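The following exercises accompany the sequence and structure shown below.

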Amino acid sequence: MIVPARSRDKAIVALDSVPEAELGEMELTDPDSIDVFARRFEESGRPLHILMNCAGIMAIPE
């Protein structure tokens, strides 16, 4: 399992008890960083079982 994270230190602690978890870093505000993560994941040949897309828009004009 490859898990993306923005904070390596926090992710290491959180994933300590998850067997077979592999940390993959990316910065969600940087499209190039996301592309690099996606490319590495795709090249791993692993299946994608769950994809969570969470996005929000704040303070939009009426």
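**Exercise 1: Ser33**

With a relative accessible area of 15%, Ser33 is buried. The terms are defined as follows: buried means under 20% relative accessible area, exposed over 50%, and partly exposed in between, with a 1.4 Å probe and protein chains only. The model is predicted, so local features need pLDDT of at least 70 and side-chain atom pairs count only at pLDDT 80 or more, while totals for chains, interfaces and linings use all residues. Residues are numbered from 1 along each chain as its sequence is written, and side-chain values use heavy atoms, with hydrogens and water left out.

Task: State where Ser33 lies and which residues Ser33 touches, not counting residues up to four places away in sequence.

Solution. Step one: Ser33 is placed in helix α2. Helices (H or I, at least four residues) and strands (E, at least two) are DSSP runs, numbered from the N terminus. Step two: with residues up to four places away in sequence left aside, Ser33 touches Met26 and Glu27. Contact here means heavy atoms within 4.5 Å.

**Exercise 2: The chain as a whole**

Task: Describe the order of elements in the protein chain and the share of buried residues.

Solution. Step one: the protein chain has two helices and two strands. Step two: read from the N terminus, the elements follow the order β-α-β-α. Step three: of the 62 residues in the protein chain, 16% are buried. Step four: among contacts with a separation of 6 or more, 16% are accounted for by residues 24 or more positions apart.

**Exercise 3: A charged patch**

Task: Identify the residues of the negative surface patch, and decide whether Asp32 is buried or exposed.

Solution. Step one: Glu27, Asp30, Asp32 and Asp35 form the negative patch. Patches consist of residues with over 30% relative accessible area and no salt bridge, like charges being joined within 9 Å. A salt bridge is a side-chain nitrogen of Lys or Arg within 4 Å of a carboxyl oxygen of Asp or Glu. Step two: Asp32 belongs to helix α2, which covers residues 31-44. Step three: Asp32 counts as exposed because its relative accessibility is 53%.

**Exercise 4: Residues apart in sequence**

Solution. Step one: Ser7 sits in the loop between β1 (2-5) and α1 (8-15).

Methods. Patch = residues over 30% accessible without salt bridge, like charges linked within 9 Å, V, L, I, M, F, W, Y side chains within 5 Å. Areas by Shrake-Rupley, 256 points an atom, 1.4 Å probe, with all protein chains shown as cover. Lys, Arg positive; Asp, Glu negative; His and termini not counted. Charge placed at Lys NZ, Arg CZ, Asp CG, Glu CD.
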